[in-house]
Each structure stands twice: as C-alpha cells, then as structure tokens.
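Colleague: Please take one part of this model and go through it closely, strand by strand and helix by helix. Give the cut-offs as you go.

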Amino acid sequence: MGIPVSLTVNGAGVAREVEPRLLLSDFLRHDLGLTGTHVGCEHGVCGACTVLLDGEAVRSCLLFAVQAHGHTVATVESLAPDLGGATGAAAAGPGHGALHPLQEAFREAHALQCGFCTPGILMTLVPFLAEHASPGEAEIREALSGNLCRCTGYKNIVDAVVLAARRAAEAA
Amino acid sequence: MRAGPHWLGERVRRLEDAKLLTGRALFTDDVDLPGMLHAAFLRSDDAHGVLRGVDVSAARARPGVVAVFTADDLGDYWRPGPALVPPPPIPGLVFNSATQVPLARGKVRHAGEAIALVVAESRYLAEDALGDIAVDVAPLPAVTDLEAALAEGAPLVHEGFGSNVAAHARQVKGDYAAARGGAYRVIRRRFRYDRGAAAAIENRGVVAAWDAKSEELTVWDTTQAPIPIRNGLAGMLGLRESQVRVVAPFIGGGFGPKIMMFYPEEVLVPWAALRLGRPVKWIEDRQENFYATTQERLQIHDAELAVAEDGAIIGVHDVFLFDTGAYDPYGLTIPINSQCTLLGPYAVPHYDSTFTAVFTNRPIVTPVRGAGRQHGVFVMERLLDLAARELGMDRVEIRRRNFLPPDAFPHDHQILFQDFAPLTYDSGNYGAAMDRAVAAIGYEEFVRTEQPKLRAAGRRVGLGIVSYIEGTGIGPYEGARVTIEPSGAVRVATGVGTQGQGHFTTFAQLVSDVLGMDPSKVQVITGDTREFHWGTGTFASRGAVVAGNAVHEAAVRVRAKVLKLAADALGADERELVLACGSVQVRGDPGRAVRLGDLAAKANPLRGAVTPGTEPGLEATAYFGPARGNAANGVHAAIVEVDPETCQVAIRRYVVVHDCGTPINPMVVEGQVQGGVAMGIGNAFYEELVWGENGQLMNASFMDYLLPTALDVPAVQIEHTVTPSPLNPLGTKGVGEAGAIPAAAALAQAVEDALGGAVEVLEIPLSPNRLFDLLHGGAGGGGHAVSPAARETAAGRGTGVAE
C-alpha cells in the first residue's frame, strides 16, 4: 500500500514509500527525523508546522507527504545547517555565529520563550523577509498573524524582524 | 570578594535559544525509540451517562493493534488519582474529594473522559482502532449550570455526596455585617468570569520505556512536575523511586495544566510500556487537549463593597460559585486564591467571603496562569470603579485613598492563603507603582485634554487603570546542586521543570555572580529526576523565588569550598582572594592564581590521605523553603477605542508597572509580562469555551476558540519598581502570572470609560457580541446597559492594535 515519493528536503534527495494518508508533518518528523518542525493543532491554524514548499511557506499538517512528491521542502533545520549535531554547551555557548541572521535577531530580541512555535514562525518569516526588504510594523504583524504564540505576546518577534531587516539592509 | 562583571539584574541573552531556534531542542514528541508503539485513547462522547459496556473485540482483531485496555483490564492498577492539594484548615470547611480515574468505570462524567486505550504499531493504526470500539452509554442529564447544579433534585455528578457541592468555605475578617450599617454607600453587583483553555501550543505527551536488563523505567512527560510524577509512578507501579527516571525535556508552554497530576495518560502509558515490554508513546492532539487537559476560570460572584463618604473601604462581602469540573484533584487552590487576591493592595477592615465549589459535567478544573487571582482582582477593581462613580471621585484617587502605606508591612490580612499560611504581605510600595503608571500612561493629560478632544470628534476612547497583588513564591521548597567539574565547567541541577521561563539563563546568572564567571560557562539542567530528585515543580510564579534562592545558596556553599581550598593552594588568606574569569586570584597579585577546574581536580584526589571529614569535589546542594509566599504587585493601565458599530475594541496603549522585587534578568521579566498581558487580552475579549446544554464543547478547535494573534496584542510599555522581598536572600518575587491577572479589569474599565458610562462591564470575556448586547440591552449581555447607544450589527473579533 506504500506509494513511492521522492522529493528534495533541505537540499538532499529523499525517496521513501509512504501511506497515502501520511501527513507531510508526520513524514518530516517521524520518517525523516526532522523534529524541528512542530505540530500544534493539525488543523492548519497555529502555524507551528510551517515549512517551505518550493520556497513558499505552507502548513505541513495540511499536506500529505505524497503531495510533496517532486517538490522541494525546507525545514527549520536548513536555516543553520552548520550547527548540526551541536549539543548543549556547544549550541548554547558563545560563537553561535552559525545561526541564520533571523535566528540571531530572535535571540537578541528575546523573541522566543518556550520555543515550540518558533520554527514555524521562522519558516513563515524567511520568505516574507525575502519579499519585504524593509517591512513596517503593520506588515510584519499581518505576516505573523497566521502563527500562534502563547508565550511572548508577539512584541519581541516584531522587534526581531525589524532588527533582521535592518541588518540585512546595512549589509547590502 | 567578587571582581569583574555583575550578572544579577543584567539583560543576559538566553543560553537555551540556539537549540530552540535551530529545531534541535528535544520536546517530548521528538523522542523516538526502537520498537516504539503508539497509544490513542477512546474518549466519551457523552458528558454524563451510565457506562454499561465497552466492546473492544473488533479493535483487538485489527492488524497492527497490539493491545486494547478498558478499566476492567487494569485490575488493581485501576484506582482514582491522588488528591493533590489537601484543603486548608479553615474552620467549618466542607470538602468532598473526588479524583479522576485512569479509565471510566460505571459512569462517564465529562465529554472527553478516557474510556479505552489502544496501543498499536502506529498512531494512525491506533486511531483506526478507536473506531472499532463500541461503547454503550445511557445518557444522563448533564450538569452545566452552576446554580441549577445546586438546586434540589439536580442530576448528580457524584451520587455519593448527595449534592454537587465539591467544597464550601467561608473566611472572615472583622465584622462586615455590623460595619456595613456605617457605610455611606454600598455597591452590589453580580460578576461572571468564564472558562477558557490554557492552550499551550505544545499539547501534552508521555513516552515510556522499560529496560528489562537494567530494570529501569524512563518516562518523558510534558509535565511541570517531573519529580512528583516519578515518585507517584514508582508507588503505583511497585518500583523503587530510583528505578524510575522522569524527564521533562523542553516543554512547549505550561501555563498550569501541565502541573496537574496524574492525568490518565501519565498513569497508563508507563504501565502499558512495562506490560508490553516495548516503549509506548502517546501525544495528545489539539482536539483532545480541549477535553482532556484541565481548564479554568468560571466563577460567579455576588459581591458588595461598603465605602465611607471619602472613599475609604469599610468592607467587602462576597459570595461566589466556582466550577471545579467533574473532579477536584487540585483542591481549593483556585477559589482561595480568588478569595485572597480580592483584597488587593488595599486596607480592608472587614471582609466576609464565602465560596461554593460545584461539580459539573465538564473537564477538570485546575490552575491556569493566574489561578483564580483574576477573579479577585476583577471583582474588587470593578467595585472600586463603581464606587468612585457613585461618590464622584477620581478612580485613581479612590485607589490611593485605600492603599496600604509603605510602613504597613508585614501586613496580616487575617485569612489563610493557598499555602495554608496566613495571608501576609511581606513588602510593597503601592503608591509608587501607581505614580509611575499614572505618569507613563499620561493619565492627567488624557483625562483633561485628550479624551474630551477626541470625544468631541465622535471618538469613543477610554482609559483603564487598576492595581493588583499577586501572591507568589510559595513553598514548600526547591533544591539545587552546583558542581564545578575538572574542566572548569559548572553544572547546575535543579528539580523544577522549565516551560520557557528562561531558567537555563537566569539560574546561570545567579551562579555566575557567586563564582565569578561568564553565564555561558554555566550549564543548567532542569526537569530530569536522574540529575536532581527533590522538589515539587514549576507553578504559582515560584521558580525564580524558590528554586532561584536554592541555586544561589548552593553556589555560595561551593564558593566557600573554593576559597578554603584555594587559600591552601595559594598560601593566602581567604580574605585576599578574588574569584574572576573562572579562576581564583590573590588580590593585587595576578600571578598567584589557580583555575577553578584545577581546584576541582585537587578536591577529588585519586591517592593519598585527606583530613578526616573532608567532602570530595567542589559541589554543594542547597534547599530553599520560604515560611510563606510573598506579594508582588503592580498597576496595569490601558487606553482603548471602541467602534460602536462593530463593537470592536482597539487597544491604543498598554502600560504595566510591575514590582517583582529584585529582577534577575529584566529582559526575561519583561517577556513574561508582555506574554502574560497577551493571555489576559485573550481572556478579556476572545477566549471562552462554549458548552451546549448537554455538556458538549462547541468550539474545540483553534478555528473556533480564538487565541490572540499578532494583530490583537499591542506592545506593552513595561516599567519596574523594586521592593525586595525580605523573605529570601535574593529579594525576588514571582512574575510568571502577573501579566495575565489584571488585564480584564483594566480593559473593562477602559471600555466603560470609552462609552462614557453607557454600560457596566460585569462579565468576561467581553466579546463584540456581548458588548453589542450590553449597548442594546440584548439577552446575552450580562451587565447593565445604562443607556442606549449605537445600533449597528456586531461581528468578528474584538480588538485591533493601534496603527
């Protein structure tokens, strides 16, 4: 009953046989072990499971794995690939320069608390920032409005996006 | 003694963030073990009924299903959960204890109550098998309305008690009945504050694995209380406590329900893993979370305030009902918090407060961020607003008139708090917090100039400003162990779990200050019973106070060992030594120094003699248990604009002045406050679990139960006043719940003000529909329409953030 799927995940080719009903979120988390993509509601509201499908932010809980056949998926693990395998002290300590600039801005602005919704928020904002070089607060809040965060009250996330955009502009 | 930077009170960036940001932090659902099975629970469709039979034969026959269990399959393992919090010693108190069961037997008492457990090769297969199970329930009328529940002849949730009364308690100070006669005015209203969901974005989950060779059980659990879970599981399963390791890894938000124990899933998943000899995982889905995770907040208060002509509070009389749901494992924590928090920062000479906790056919109620404090603040602040209006007094003035003065501490309120200690405020400076808030929100300017100008232009803008106390930092105790390793790395182990509060950073800061090193060199471990196995958990805004002071004390003891050893090694007097940059130096002679790691190695010799009585290593364990909780305080102030046509409320500004004593990391404190306000805004405007008469939840999804989004929560301007607590060495008070507690009271006052006194807001949440009904005298209003106003249809969500 398995259906063969092949796709590109975080730059690498992946081929598996899956049940037609397997959610893309479960495929990424459990078949591929990419547990950075989190599942909060499984009905497409909370946004925690957001990944990029061909560069566009999508809810991986609202897609079947078979629908990703032939496509390219990027998860939060793709943002700072050099940190793979880093454990406690190494990942937490100074010299975490391998973080993606948006991740770095999140850390500086204290834009996460429990961190459960954070991967989905990052994957929502990465394509947003690619299309909005210098977004205003209202635009940022609109872009964020499809991701639920229960801890932060959003303010510091908005600040982090402003910070990341400013840095990108300065670097350009 | 200390040199170099000082970390207490600094905005140190969080040490745990890199893991969380890169998706490499371990959450419970990320645990993946060889041979792991997956569990799913069949839950009751009925809120109330006689459970006549469960047929699981078809489910057992489904390929891929490994086992199916009902209550009858559990044998002696089936027993009701523990009563977590015994009732406090209040004279005349009635308490009927009924705790949740692992799987329903004989009766179902709320929709979502677990009836059967399926264990299968995948979660998909386990859920398939749920559909194979036939349940025979004879429905009974559901108990949903608190007042009807207490009427003669009402259906009973627990027949054995003869009524639906879960508890009844009265706490009295002074003689309200006698004092009331001397009042200039008595203000009396009914207030209602409805039930919501904690809605952590991570649902609950349990993974358990039994290792037959080492005879050890490991359980990963999304709990706020890993150590009590371990102890309880060991007892239930007949294992030694040391055979059970409970790990609360990164937790995706707690907010209270994850301190509840034992959930049926926590009892059954480890049992199934032992019985089946394979690891078992259960992860709650969002719909289950709406039924199977505890909730909070429905209370109905009939309260009155007696005031003198000058606004002085003579006394308060309050009688309230509290919905405890189908079971009451958490005792009376919530209603006692309500009872105590109502007194606020005020001198209240006479107080008479009675509550009745009521069993209903709804999910179990346990504390959710605020834990009943919201209700106390809402009732008192609303009564003060109404009194100010009747007396023609300014609302800030009536509060100032009644604040306990700075020299009133310790102040004994003569009633008992949730920790069974007398409700005694340790310290506070309430007028100073109010002054800061009045200045920050621009109260005088707004009331005198801005509001009249905007009103003249037809805009309905209003301001709300309220005070509150949060009792925090209660016992009994927490502990910590600080170890300097030969590498020079420092490990801190503590028993509390962490759900996003920043403990990895704030506890590291406390140690850094004492041992003279950068916080990034300090590794904090929380929530793993193998690392530390004494403690109670993370709840009631107590982590920074109780665990924080234990961490500090353990570090102080390690420093004493360091100094003693270094004095020997360097041939110097301890008083000449300085700890900095991971080493000990002789002051003024940087050449004479020794690394902490080298001292740690020296403290653990492989050969040779030591002085008898010497303890090895540079390690110390300390515990902290306060005699009683302490009182954090603050003021919330908001400016809102109401659209009279849509009844949407836009929050234009929001100011919080907060006093949590000594802040360890102001960045973390402000994050807690901003996030708490977001939850308070949700409570105030959107979050209501809506039940049908048959006890069915009508909005069990994030499509229908609205959490505030980035469009709804403004940036909160946060200011601190600092009144250290004399009850602990660091002077800290808790902050975790402060943002959520007074928000509804502040916003209710602001909306009333915006509408020029046309309505009284007496019920929360204040959805656009409810506000519309208030303005137009509709049935669902719950409050008073003082005069008619706008006439258009209300729709959609409540607020928007200021442009």
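Modeller: A:Leu7 faces A:Val14 of S2(A). The two strands involved are S1 (residues 3-9) and S2 (residues 12-18) of chain A, joined antiparallel by seven bridges. Strands here are DSSP runs of E with at least two residues, helices are runs of H or I with at least four, and both are numbered from the N terminus. Strands count as paired if DSSP finds at least two bridges between them. Two residues separate the strands of this hairpin, and A:Asn10 has a positive phi near 50 degrees.

Some ground rules. This is a predicted model, in which local features need pLDDT of at least 70 and side-chain atom pairs count only at pLDDT 80 or more, while totals for chains, interfaces and linings use all residues. Residues are numbered from 1 along each chain as its sequence is written, chains are lettered from A and ligands numbered from 1 in the order written, and side-chain values use heavy atoms, without hydrogens and water.

Now chain B. One open sheet has seven strands in the order S3-S6-S1-S13-S10-S11-S12, with mixed pairing. S3 (65-70) and S12 are its edge strands, each pairing on one side only. B:Phe41 sits opposite B:Leu117 of S6(B).

Helix H6(B) lies across S11 and S12 of chain B, at about 145 degrees to S12(B). Such angles run from 0 to 180 degrees between N-to-C directions, with axes fitted to C-alpha atoms, for helices over the stretch in contact. Contact means heavy atoms within 4.5 Å. H6(B) covers residues 226-237; at 1.5 Å a residue its twelve residues should span 16 Å, and its end C-alpha atoms are 16 Å apart, so the two agree. The expected span is 1.5 Å times one less than the number of residues.

Ten of the twelve residues of H6(B) are buried. Buried means under 20% relative accessible area, exposed over 50%, and partly exposed in between, with a 1.4 Å probe and protein chains only. Among the buried ones are B:Ile227, B:Arg230, B:Leu233 and B:Met236. Their cover includes strand S11 (216-221), strand S12 (244-247) and helix H7 (264-276) of chain B. After H6(B) comes B:Gly238, with a positive phi near 70 degrees.

A second open sheet of chain B has seven strands, S4-S8-S16-S15-S14-S9-S31, again with mixed pairing. Its edges are S4 (94-95) and S31 (763-764); each has a single partner strand, so one side of each lacks a neighbour in the sheet. S14 (residues 299-307) and S15 (residues 313-325) of chain B run antiparallel over nine bridges. B:Ile300 has B:Leu321 as its bridge partner in S15(B). Helix H10 (residues 373-391) of chain B packs on this sheet, touching S9 (185-193), S14, S15 and S31, at about 145 degrees to S9(B).

Last, the interface. 57 residues of chain B contact 55 residues of chain A. About 4700 Å² is buried between the chains, 59% of it from carbon and sulfur atoms. That area is the accessible area (1.4 Å probe) lost by two parts on being put together, summed over both. There are five salt bridges between the chains, each a side-chain nitrogen of Lys or Arg within 4 Å of a carboxyl oxygen of Asp or Glu. In the salt bridge of B:Glu687 with A:Arg150, the closest N and O atoms are 2.7 Å apart.
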